[in-house]
Amino acid sequence: MSPAETGKNPASNRRALILVVERNPIVQRLEKYFLEQGGFGVEFVADGVAALKRARELHPNILVTEILVPKMDGLSLCHALKSDPATSDIRVLVFSHLHAEDRARDAGADAFLVKPLDESRLIETVANLISMSSGSAGEKD
Amino acid sequence: MVDKIATGCSGLDEVLYGGIPANTISVIMGAPGTGKTILAEQIAFANATTAATALYLTTMSEPLEKFIMHGQNYGFFDEAQVGVSVHYEDLGLMVREQGISQLAEIVTELLTTFRPRLLFIDSFKALTELMTLPSERRTVIFDLASALSTYECTTFLIGEYADAMMTELPEFAIADVVLQMVKIATNVREERFLRVEKLRASNSVPGLHAFSITAEGLQVYPRLLTPKVAPDYTARTVRVNTGIKGLDEMIAQGFSAGSTTLLAGPPGAGKTIMALQFIAEGALKGEPGVYLGFQENPTQLARVMRNLGLPVEKLLNDGLELMYQSPVEMQLDKVASELFLRIRSGKVKRVVIDALGDVQRASIDRRRFSNLIYALMQWFAVENVTCMFTYEMSDLFEVHGISDEEISNMSDNVLLLRFLPGPVLKRTLRIIKTRGSEHDGREHEIRITAQGLIVEDFEE
C-alpha cells in the first residue's frame with residue numbers, strides 16, 4: 001500500500017491531497033515530481049492568501065508551506081488554518097530554508113523540515129502526517 | 001544635524017562618523033565575494049524593529065533561498081526577526097511577471113504593503129541589466145528615485161559594479177552614499193578593504209579601511225590616522241625603567257615615558273629577551289603592557305619568561321597581555337586596530353612589537369607600513385605609552401644599516417645589538433640615539449643569564 005492510500009480518512013476514496021505553497025516555479029516542479037512519485041495528489045499555490053482560500057475550498061490532507069511566501073507568510077497561514085475549526089484538522093508541514101522550527105511549532109505546525117529538499121525525508125514526513133490524520137479520523141468514528 | 005542609522009558593523013560607524021544618513025539612497029558596490037550582501041543584511045538586522053521594519057528584495061543574482069541559507073551562518077541573522085521585522089521578497093520574480101518598466105510601480109506597491117524604514121535591493125545591478133537601452137535605464141531609475149525620495153525610507157542598492165561604472169550609470173547619480181568593497185591580492189594572500197566613495201551631507205574617514213568577515217559578520221578596522229593634536233614632547237620628564245640590569249644607567253635611568261625605542265639586531269642577539277624584560281618590569285611596577293608577538297605564541301613566550309626567572313602567572317594577573325598573531329594570516333590593519341583600542345583605553349602603559357619585520361612583510365605596500373607605524377608612534381606619545389619595537393637584521397657581524405631608514409628616523413631611541421666575532425662569541429649593545437636625552441654611546445657587552453639579560457662594560 002502506498003503512503004498515499006489513507007484508509008480511515010474521510011478522503012480515503014481518493015489519493016491523499018497535498019496543497020503546497022511555493023512561489024518558485026522551479027521548486028514547485030521538483031516538489032511535484034517527488035510528491036507524485038510518492039503517490040500523492042499535489043496542487044500548488046504561489047502565496048499565502050491564495051493558500052488559505054484554496055485550503056478552505058479543497059480541504060487537503062496536508063498543507064506544505066515555505067515560511068517566506070508572498071502576501072501572507074507561511075507561519076501566519078499555519079496559524080490561520082489551525083485557528084479555524086473548519087481547517088484546523090489539515091496537517092501542516094512547514095518546509096523552509098529558515099531554521100525556525102520553534103516558531104513553526106508555536107504557529108501550530110504539525111511538522112517542520114528545513115530545506116534543501118531531501119526526497120526521502122519529505123515523503124516520510126508527509127506519510128507520517130497522513131497516518132496521523134487517519135488515526136485521528138479513526139478515533140473520531 | 002543629520003539623522004544617521006548605525007550600520008551594526010563594528011568599525012564602520014566610526015568610518016562614517018556615526019552611520020549612514022537616514023532617508024538617503026546608498027549604493028554598496030564591489031566584485032563578487034567581497035561581502036556586499038553580508039554588510040547589507042547586517043545593517044538590516046541591526047536596525048529592524050517591528051515599528052521600523054526592513055524590506056530585503058532579492059532579484060536575479062541569487063535566489064531568495066540562498067540569501068536565507070547563507071545569512072543564517074552569521075551571528076547577526078536573527079531567525080525570529082524574519083517575517084516580523086525583516087521581510088524578504090523576491091522582486092526578481094515580480095519583475096519577470098510584470099516587466100522591468102514597472103519597477104517603480106512594483107517597489108511602490110511593496111513600500112505601501114510593508115511600510116519599511118529600510119529597503120534593500122540585492123542585486124540592483126542584475127535587475128537593471130534587463131534594460132538594454134540606456135534611456136530606459138535612466139527613466140526607470142529616475143522614477144524609482146522619485147518614489148523613494150517621497151517615502152521615508154533609507155535605501156540600499158547592492159551590485160557588482162566596477163569602478164568605471166560610477167561615472168556612467170544613473171544609480172550613482174541618484175546615490176547619496178557609495179560604499180565600495182574591494183579585494184586586494186598580495187602574492188597568495190587576499191585582503192578586503194572598504195572605501196567611502198561618496199557621502200553627501202556628512203564626513204567620513206578617508207582612504208581604504210581593512211575589514212574581515214567573521215562569524216558575527218563584517219568587522220571593519222578604520223585606517224589609523226595620526227592624533228589631531230601633536231604630542232607634547234616638553235612634558236616628557238618621567239623616565240621608564242627597562243628592568244634590564246646595566247641598561248638604565250646608560251640612559252639616565254630609563255627611556256622617556258611615551259617614547260619609542262627601536263631594538264635592532266641579528267637573530268639570537270637577545271632582542272626578544274630584552275623586550276620581555278622591559279614589558280615584565282612594567283607589569284611588576286603597575287604599568288600594564290601588551291606584548292605583540294608574531295613568531296612565538298603565548299605558551300612559548302611564557303616558557304622563555306620562566307627560563308629568565310620571571311613570575312609569569314603573577315605578571316599575567318598584574319596586567320601583562322601576550323598578544324599573538326600568526327604572521328601567515330596577519331591582516332595588518334586588524335592588528336593595528338586591536339592594538340590601537342588598547343592604547344586608547346588608557347590602561348596600557350607599555351607596548352612591545354616583536355618584530356617589525358613581520359609587520360612590514362604583512363603590509364600590502366611600503367608606504368602603508370610606514371604610515372601605520374608613524375601613526376602608532378604618535379598615539380604612543382599622546383597616550384604616554386612607552387613602546388619597544390624589535391627589528392631583525394640579517395647580518396650577524398657587520399652592520400650595513402640598522403633598519404628601514406624611515407623607522408630608524410621616526411624612533412626616539414635606537415639600540416643596536418650585534419655579535420662580536422672571535423673564539424668566544426660575544427653579544428654587544430650600543431645605543432645609537434636617544435631623542436632629547438643623554439646616553440652612554442660606548443659599546444657594551446651583554447650576557448644572558450638565568451636571571452635575565454644584563455649589560456656590562458667590556459672586559460678588555
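Modeller: Quick ground rule: helices (H or I, at least four residues) and strands (E, at least two) are DSSP runs, numbered from the N terminus. This is a predicted model, where local features need pLDDT of at least 70, side-chain atom pairs count only at pLDDT 80 or more, and totals for chains, interfaces and linings use all residues. Residues are numbered from 1 along each chain as its sequence is written, while chains are lettered from A and ligands numbered from 1 in the order in which they are written.

Biologist: In what order do the strands of the open sheet in chain A sit?

Modeller: Five strands of chain A make up this open sheet, and their pairing is parallel (two strands pair if DSSP finds at least two bridges between them). At the edges, strand 2 (41–45) and strand 5 (111–114) of chain A each pair on one side only. Reading across, the order is 2-1-3-4-5.

Biologist: And which residue of strand 4 of chain A is the bridge partner of Val64(A)?

Modeller: Strand 3 (residues 62–65) and strand 4 (residues 91–96) of chain A pair in the parallel sense over four bridges. The partner of Val64(A) in strand 4 of chain A is Leu93(A).

Biologist: At what angle does helix 1 of chain A run to strand 2 of chain A?

Modeller: Angles run from 0 to 180 degrees between N-to-C directions, with axes fitted to C-alpha atoms, for helices over the stretch in contact (C-beta atoms, placed from the backbone, within 7 Å). Helix 1 (residues 25–37) of chain A lies across strand 1 (17–21) and strand 2 of chain A. Its angle to strand 2 of chain A is about 165°.

Biologist: Over in chain B, how many residues of helix 2 are buried?

Modeller: Buried means 20 or more other C-beta atoms within 10 Å of a residue's own, again placed from the backbone. The buried residues of helix 2 of chain B include Ile38(B), Leu39(B) and Phe45(B). This helix is mostly covered, with the buried count at 11 of 12.

Biologist: Which helix gives the largest share of the side of chain B that touches chain A?

Modeller: In total, 13 residues of chain B are in contact with 12 residues of chain A. Helix 3 (64–71) and strand 5 (86–90) of chain B each supply at least two residues of that side of chain B. The largest share, four residues, comes from helix 3 of chain B.

Biologist: What is the mean pLDDT of chain A?

Modeller: pLDDT is the predictor's confidence in each residue, from 0 to 100. In chain A, 84% of the residues reach 70 or more, but pLDDT stays under 50 over residues 5–13. Where pLDDT is low, the predicted coordinates should not be read in detail. For chain A, the mean is 85.

Technical notes. Two residues are in contact if their C-beta atoms, placed from the backbone, lie within 7 Å.
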